[in-house]
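Thank you for making time this morning. I would like to walk you through one model, and I ask you to keep the sequence and the structure in view while I talk.

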Amino acid sequence: MTTVPPSSARQAQEALGLRLRELRMAAGLTGRALAAATGQHFTRVSKIEHGVQTPTDEDIQAWCGACAAEDQIPDLIATLRVLESAYLEFKRQARAGMKRVLGPHTAARYERTTVFRIYEHNVIPGLFQTAEYTAAMLAFWSTFLDAPNDLDEAVGVRMERQRVIYRRGRRFLVVLEEQALRTWFGDAGTQAGQLDRLLAVMSLPNVSVGIIPLMTERTAVPSSGFWIFDDTLVAVETPTASIEVTRPQEIELYARMFDVLQASARYGKCARALVTKAITELG
């Protein structure tokens, strides 16, 4: 089930109401005039603008129509979707087991996506993980979230997702921090196997992996990893939740950030050398 913490929900609702109020004022309409134009009571207009009541899709369409701001409809409706369903509480999902703690990483989402842009700072992306690495990582989260013990099934779900790598018409653009090569999940053998797997995946023609070296001059350092699914969704994971970003303007910002990170990354032989070095240093 999708939920939003009350304080965050209220802030997002108030921000949406403020944007609608700004559109009304820019159009030179009073609250009563807008209410008359959209066929609703003027008190409801006030409640929406002050974040007391959430508008519907129809409200937004009618509001923008009355304000001659139809070009704002897609972004406002995307904002409404964020308000309704963007914040997925891992602990609530985990009551049904770790296999449910996938956020937007579902089979249907993978099937619809043709271009994956992935940035990770301290973990190898799930699409490239070995079963042993996945099991070691999810074992911690299973305990931390007090989830039912379905670790084997959860690992199986993640391995099944990896089939998309070999589907025709898919591209995977990946940027990793070198730290991701050196953060262990499991023992040295598990880490070595994972890095060998990464080298194998890097040889696929539809996969591009860039690695940003440690101790290198750079222009940007994001605060968390993120996945961009085509140009329709960005997934950002925190220790307790998966945040889904669907507003076109925000997706564009993440895409710009990804471009900046790519510019700092090393590719080809240089990237493979960084992985090989991390393997040799495992001892």
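This is a predicted model: local features need pLDDT of at least 70, side-chain atom pairs count only at pLDDT 80 or more; totals for chains, interfaces and linings use all residues.

Residues are numbered from 1 along each chain as its sequence is written, and side-chain values use heavy atoms, with hydrogens and water left out.

Let me begin with helix 2 (residues 31-38) and helix 4 (residues 57-66), whose axes come within 9 Å and cross at roughly 115 degrees. Helices here are DSSP runs of H or I with at least four residues, strands are runs of E with at least two, and both are numbered from the N terminus; axes are lines fitted to C-alpha atoms, for helices over the stretch in contact, with angles running from 0 to 180 degrees between N-to-C directions. Where the two helices meet, L34, A37 and T38 of helix 2 are in contact with A62, W63 and A66 of helix 4, contact meaning heavy atoms within 4.5 Å.

Turning to helix 9 (residues 151-161), its buried residues are A154, V155, V157 and R161, where buried means under 20% relative accessible area, exposed means over 50%, and partly exposed is in between, with a 1.4 Å probe and protein chains only. These residues cover an arc of only 155 degrees around the axis, and therefore lie on the same side of helix 9; the arc is taken from the directions from the helix axis to the C-beta atoms. The partners against which they pack are helix 7 (107-112) and helix 8 (131-144).

Now the aromatic rings, of which a search of the whole structure finds eight pairs. Rings of Phe, Tyr and Trp (for Trp the six-membered ring) pair if their centres lie within 6.5 Å, and planes under 30 degrees apart count as stacked, over 60 as edge-to-face and the rest as tilted. Y110 and F116 have ring centres 5.5 Å apart and planes at 80 degrees, so this pair is edge-to-face, and both Y110 and F116 are buried. Y119 and F226, by contrast, form a tilted pair, with 5.6 Å from centre to centre and 40 degrees between the planes. Because Y119 lies in strand 2 (residues 115-120) and F226 in strand 5 (residues 226-229), that pair ties together parts that are 107 residues apart in sequence. Ring pairs also link Y110, F116, F172, W227 and F229 into a cluster.

A68 is in the loop between helix 4 and helix 5 and counts as exposed because its relative accessibility is 63%. M215 lies in the loop between strand 4 (207-212) and strand 5, and is exposed at 86%.

Finally, which residues does D75 touch, not counting those up to four places away in sequence? They are R19, R247, P248 and Q249. D75 itself lies in helix 5 (residues 73-85) and is buried, with a relative accessible area of 7%.
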